[in-house]
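Hi,

Here is the structure I promised to pass on. Have a look first, and my notes follow below.

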2 protein chains.
Amino acid sequence: MNEYVLDPKTHDVLVARAYTHRGYTPDEADCAAKLCHMASRHGIKTHNAIKALHLDHLFGSGKADNPGCVPGAQIEKLPSKFRATQRWNAHKKLGQAVAFEAIDTCEKLADQFGVGVVAVDEAFHYLWGGGYVMASAKRGYIAYTNCTAALAEVVPFGGKHPTLGTNPHSWGLPTTDAIGFPIVVDWATSTLAMGRVQQFAREGKTLPPDAAVDKNGKPTQDPNAVAALLPFGAHKGYGLSLINELVAAYIGGSLPTLRCRVGGENEKHTPSFFFQVIHPDAIACDFAKGRSQKENLKAVIADILGHGNDGCILPGEIEHRAAQRCEQAGGLIFSEAEIAALRELAAECQYPLPPSSIKPCASS
Amino acid sequence: MNEYVLDPKTHDVLVARAYTHRGYTPDEADCAAKLCHMASRHGIKTHNAIKALHLDHLFGSGKADNPGCVPGAQIEKLPSKFRATQRWNAHKKLGQAVAFEAIDTCEKLADQFGVGVVAVDEAFHYLWGGGYVMASAKRGYIAYTNCTAALAEVVPFGGKHPTLGTNPHSWGLPTTDAIGFPIVVDWATSTLAMGRVQQFAREGKTLPPDAAVDKNGKPTQDPNAVAALLPFGAHKGYGLSLINELVAAYIGGSLPTLRCRVGGENEKHTPSFFFQVIHPDAIACDFAKGRSQKENLKAVIADILGHGNDGCILPGEIEHRAAQRCEQAGGLIFSEAEIAALRELAAECQYPLPPSSIKPCASS
């Protein structure tokens, strides 16, 4: 596969311009560019600029009737008697802008109280949950987020009809001092994403078992027959997906099957976010052999990956290696097809990419 | 299978006496009896009185060299500048007594700050994590706990040697007003427990795939060849198990492979606990159609279980039905073998069970 290296600053200007061109404020556009940059730097192709702007077009500002995302919307911070938690109505503001502010607020609360929580109602897709907790973990915090995914595409364990989102969970652990990068546990609660099913279909491949069902609710391995997805790990993944729906329901999320769809008079159609940060000092007790907390982390991780387990990959390690590769290449790495899509975005917002900003990737 | 109904008060007196007979204080013994009662009432046979006292014998007060649990130990609450979190050194106090006090403390913190966290170092097995969060959810809170399981029996994804515990996660959601019982998501991060593998061996059955490995680290379905367990859901369950080890490492847990074992000069050998409670009011924003938070929960759950999904079971529902059955039977239900084991415990602590306290179970 031919790969190209895009100058990071050019990428950021392009993405920000594409967002301001659609009516977003400069601050919102910068947040969008920042998350797309982080995603591309860490090899998260499912949430790069192309996907983000496509999502905005389909469900966000580009959706003519009842847009899911409103440029320039203001976060309303609701009054609360509880000091370590906040409850926000995002009023459909750009998800990335809300998420960056929420995780930052959680960190400030954790600095003061040991733990901080921000619950967000009336949200729009924040794209890559792992990005926010990774950034927080790099700043030294234990961070967690979950959200309700846009569409209900997943069948509850034992059911037939999709009534759950792919509802991801993302944990970031501050392990950079111990191993050189933060451990990030970040995945959807479905076995596969719907995008992967479509990829299997294009490539004429068979799905793994227990990943999807057909229109009758029967398990299928034929990607062309897929009507809905299944949770990973049977009842366990189902429980994890259900948690996001219930947390969203406590926050203010409405019926899952109406989310990001039309219908249901006076129902809401927005996802919800939950963010939480813990200050590692707040849970630090006593460490054996006079170790510091960081040294203890390092010793525990070395024990887990010792005893012949050196072939194991830590969660977040693949993303770390992708970032190292970008570092060596001197920019963000994209495939030929992705560069073509970025050129289309550049044409949309009248920002021609300087020829010198794109170079072939030496290591591709 | 013949089943018997044991008078609940007799059960509680028996279990408390068995613990005081081993040197535990009356308060500790009452906590132990309470959790065993809850476990038996909810059909959790893996954590009833027989198992609890057997565990205490093997790893707790009965372990001659370096007991894992010390009767009468006092919790040391370490000073902290953070007001919504606490850090405790349990000094190997009985796990159930520590866990009940920890979840209670989290609730008080959540009443004040919206969220409360208690981290526990130098702990001893708390048995049934689901019990503490279920009780908290019944009192109206969103509760969560994780812990490091006694022994490292689980191989990290892609590895060969067991360096992770079966590390459970337990979430309790206050849904009683909506559906009649709290939703409780509670399971180990291994595909099976080691006790289940032994049961498969006794019954001459084959294990499911991807549940265990042999001594060479190769996957096996032969229960007699099992040397270690595998996480559920491949890298996803691995990540979830790893979270408990890392949270424990931030708290003060030492090398996983030494936990509850001997060796490693000046290393610690104790599990760690993490507890967290969120007040549902602290995250409540705005609900569609003028619903209350409780009505919103009910509507969301009805949507998830609607559309032909009425065959789905909610997490916690099986435990709820077990409690209903005990209610109808007028006591705690035990098998014939369990009654025999309880009689042995009764002999140990010289508390003969009154004949009238045990009756055949009408519905068995």
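**The cavities**

The largest cavity has a lining of 23 residues, and those nearest its centre are A:Tyr144, A:Trp171, A:Gln276, B:Tyr144 and B:Gln276. A cavity here is a set of points, on a 1 Å grid over the protein atoms alone, where a 1.4 Å probe fits but cannot get out, and lining residues have an atom within 4 Å of a point.

Before going on: this is a predicted model, where local features need pLDDT of at least 70, side-chain atom pairs count only at pLDDT 80 or more, and totals for chains, interfaces and linings use all residues. Residues are numbered from 1 along each chain as its sequence is written, chains are lettered from A and ligands numbered from 1 in the order in which they are written, and side-chain values use heavy atoms, with hydrogens and water left out.

Back to that cavity: its volume is about 400 Å³, taken as the space filled by probe spheres set on the points, with grid points joined across faces, edges and corners. (Helices, H or I of at least four residues, and strands, E of at least two, are DSSP runs numbered from the N terminus.) E5(A) gives the most, with 4 residues. What classes make up this lining? There are 18 nonpolar, 5 polar and no charged residues; Ala, Val, Leu, Ile, Met, Phe, Trp, Tyr, Cys and Pro count as nonpolar, Asp, Glu, Lys and Arg as charged, and the others, Gly among them, as polar.

In total, the structure holds 4 cavities of 30 Å³ or more.

**Where the chains meet**

Chain A has 95 residues in contact (heavy atoms within 4.5 Å) with 95 residues of chain B. About 7,400 Å² is buried between them, 67% of it from carbon and sulfur atoms; buried area is the accessible area (1.4 Å probe) that two parts lose on being put together, summed over both. On the chain A side, A:Phe82, A:Lys236 and A:Tyr250 lose the most area to chain B, together 12% of what that side buries.

There are also 4 salt bridges between the two chains, each a side-chain nitrogen of Lys or Arg within 4 Å of a carboxyl oxygen of Asp or Glu. One salt bridge joins B:Glu267 and A:Arg291 (2.5 Å, N to O).

Note on methods. On a 1 Å grid over the protein atoms alone, a cavity is a set of points where a 1.4 Å probe fits but cannot get out, and a pocket is an open set with protein on both sides within 12 Å along at least five of seven lines; lining residues have an atom within 4 Å of a point.
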